[in-house]
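Let's take a walk through this structure together, one chain at a time.

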Amino acid sequence: MTHRRAFWLVMILAPVLLALCVLMGPSGIGFPDWTTQREILILRITRVLAGLIIGAALSCSGVVLQAILRNPLAEPYVLGVSSGAGLGATLAILTGLGAASAFALPLCAFVMAVLTLFLVYALANQGSTPSLYSLILSGVIVSSVCSSLIMFMVSVAPVEGMHSILWWMLGNLEVTSDALLATTGVLALLGILGMWLLAPELNALTLGQDMAHHLGIRVKAAMGSGLLLATLVTAASVGVGGLIGFVGLIVPHSLRSLVGPDHRRLIPAAALGGGAFLAVCDAIARTVLSVEIPVGVVTALIGGPFFLVLLRRRRRHGWTE
Amino acid sequence: MNVRIWTGCLFAAVLAAGCKPAGPTAPLPTGPMRVVSLAPSITEIVCAVGAADQLVGRTTACDVPADVVAGIPVIGAFGVPSIEKILTVKPGMVLYADMADDSMARKLERAGLPQTRIKCTRLEDIPPAIRTVGRLVQHGKQAEELATELSRQIQAARAQAAAIEHRPGVLVLIWNDPLTAAGRNGFLSDLVELAGGYNIGDTVNRDYFQVSGEWVLAQNPDVILCFFMAGNKAVRQTILNQSGWGRVKAVQTGRVYDGFDNNLVLRPGPRVMEGVAAIRRCLAGESPEGGSSP
């Protein structure tokens, strides 16, 4: 199958999968009746939308970070965004701010995540273009400092606070407010559009900073805007859905091997494919057992083996057809 | 461009094809208030005021009264209900005590579910909680009688406890790994006081806290109560063999008790006085169920 065909397959299949997710839920499989079960239908549709938005944001952010950092292990959380957001959420929960409004906790998580990126970038940046290694290393270090602070606060927190933090960290796509979901959706859409516009620069950056520079790319500006966009959409999605792992690592790799490494195609495919993947995982998480499974568990259990199959196939056939 | 139009058509087709109702459709609610309980203590209260037939949803943790809850649909785990399942039973009111997560109340509200938080964490919360639940389920009279009787029993127990000259110091353990004890802000502190002891964890301004061996040695409790792993016979022995605890009074005298019905002592519900009675028996040197010392 050519990359081009695979691309259109993803673009067609993803909306179909999203629609199928509406048919699944803990109260039974099937389309909820419009007159008697309207609330259930609305509930499911908003959840699928949340899956689409968060999955798309995390996947695209993973694509961009893998391109900029030229590291196959790069994912949306590699620069400490998740721990920063976690710290923000923990502070919001423990100070009682989170109970004040539906926007308070996501906003705290968002602000702390963005601050974390600036801190990481400032630590790695010594005048010229920051080296990839110092970016990743300062990301890891800032991330562990934030995690320790979270652990510390959890250890001295009252029981209820501890539970709230734990549940937040497990991730959940049940939205608390429609306005919040809409805001996140707009933010994610703008961010992903921005990343898509950056696609030619990202293609050049995958060849290395020097090569990109000789191709006429303004490396520092391209890297800076890519990192910022990736962080913004990740922070927005983490604020709403908590820490959902694996999507931002597996979807970019899987789709790259399907639709090819050209970011002009990869980014839209990652947006729809990642969104559909997370929505399907969430549909499974809320349907299979009588008690809902954390969606991050499902993404790892389904995504992991799928990714390994792709990896083996790629080793046998190489990247290109 | 063509492909995009196709995508849209497919999406619409799949939506339209699946047009059949999901699960049984409940009739529109009429008559007595249909309630969903999201906490075992609230389930007990609803049944105790005689409104068991109005209970249309419960959590996996709601296990008492066993014969009643067996026939009631489960809508999720304690603290993490499934909003969709709550919607399918069409309740007139969702009653909850504590949630695993702050945002749950907001999620219920967003789904358009009428909800009431029943504050029920301390001993003195229980009679008002019974009255509130009773009012909501239109069983106000029974609730009033139950609440008055419970208040009377609490008063009587308090008077009895106040007459005791030397209150034994009690260490209340709710978990063994890490060793976790009940502090001043918890329900267990109230129960121990009512049973005629004093909770040595009262010096700590928390619901529950992790204890060190050193702290236990310094506090030197007369009695240790173990409210964890109810079915496990080895709990008491583990505490007695805890290294370095040989000098603790409770260990020396063997006044370490396990085998409680943990739902009685850990659940702020209408059966609370039975829990107090079990603790009182231990403080008097009997086993929790009555009979001679272990």
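Predicted model: local features only at pLDDT ≥ 70, side-chain atom pairs only at ≥ 80, totals over all residues.

Chain B has 294 residues, of which 43% count as buried. If you take the contacts in chain B between residues at least 6 apart in sequence, 56% of them join residues at least 24 apart.

Two places in the backbone of chain B deserve a stop. One is the peptide bond between B:V64 and B:P65, which is cis, with omega at about -10°. You will find B:P65 in the loop that runs between β2 (55-57) and α3 (66-69) of chain B. The other is B:K90, which is not a glycine and yet has a positive phi of about 45°. B:K90 sits in the loop between α4 (83-88) and β5 (93-96) of chain B. Around B:K90 there are 19 other C-beta atoms within 10 Å; since a residue needs 20 or more to be called buried, B:K90 is partly exposed.

Now turn to chain A and look for helix α2, which covers residues 38-69. From its first C-alpha to its last, this helix of 32 residues reaches 46 Å, close to the 46 Å expected at 1.5 Å a residue. How much of α2(A) is buried? The count is 26 of its 32 residues, so α2(A) is largely enclosed by the rest of the structure.

One partner of α2(A) is helix α10 (residues 219-241) of chain A, and the two pack at an angle of about 150° with their axes 9 Å apart. Angles over 145 degrees count as roughly antiparallel, and α2(A) and α10(A) are therefore roughly antiparallel to each other. Their crossing is left-handed. On the α2(A) side the contact includes A:A50, A:I53, A:A57 and A:V64, while the α10(A) side includes A:M223, A:L227, A:A230 and A:V233. Sorted by class, this contact of α2(A) with α10(A) has 16 nonpolar residues, five polar ones and no charged ones.

Follow α2(A) to its end and you come to A:R70, the residue after the helix. A:R70 lies in the loop between α2 and α3 of chain A, and its phi is near 50°, a positive value in a residue other than glycine. With 14 other C-beta atoms within 10 Å, A:R70 is partly exposed.

Helix α3 (residues 81-95) of chain A packs against helix α5 (residues 132-156) of chain A at an angle of about 20°, with axes 8 Å apart. That angle makes α3(A) roughly parallel to α5(A). The crossing of α3(A) and α5(A) is left-handed. Among the residues that meet here are A:G84, A:L87 and A:L94 from α3(A) and A:C146, A:I150 and A:M153 from α5(A). By class, the contact of α3(A) with α5(A) has six nonpolar, six polar and no charged residues.

Is A:M151 buried or exposed? A:M151 counts as exposed, because it has 10 C-beta neighbours inside 10 Å. Finally, compare the positions of A:M151 and A:P130: they are 21 residues apart along the chain, and their C-alpha atoms are separated by 30 Å.

Methods: Residues numbered from 1 in each chain as written. Chains lettered and ligands numbered in written order. Axes fitted to C-alpha atoms, helices over the stretch in contact; angles between N-to-C directions. Helix = DSSP H or I, 4+ residues; strand = E, 2+ residues; numbered from the N terminus. Parallel < 35°, antiparallel > 145°, perpendicular 65-115°, else oblique. Left-handed = near helix turned anticlockwise from the far one by under 90°. Contact = placed C-beta atoms within 7 Å. Nonpolar A, V, L, I, M, F, W, Y, C, P; charged D, E, K, R; others polar. Expected span 1.5 Å × (residues − 1). Buried ≥ 20, exposed ≤ 12 C-beta atoms within 10 Å, placed from the backbone.
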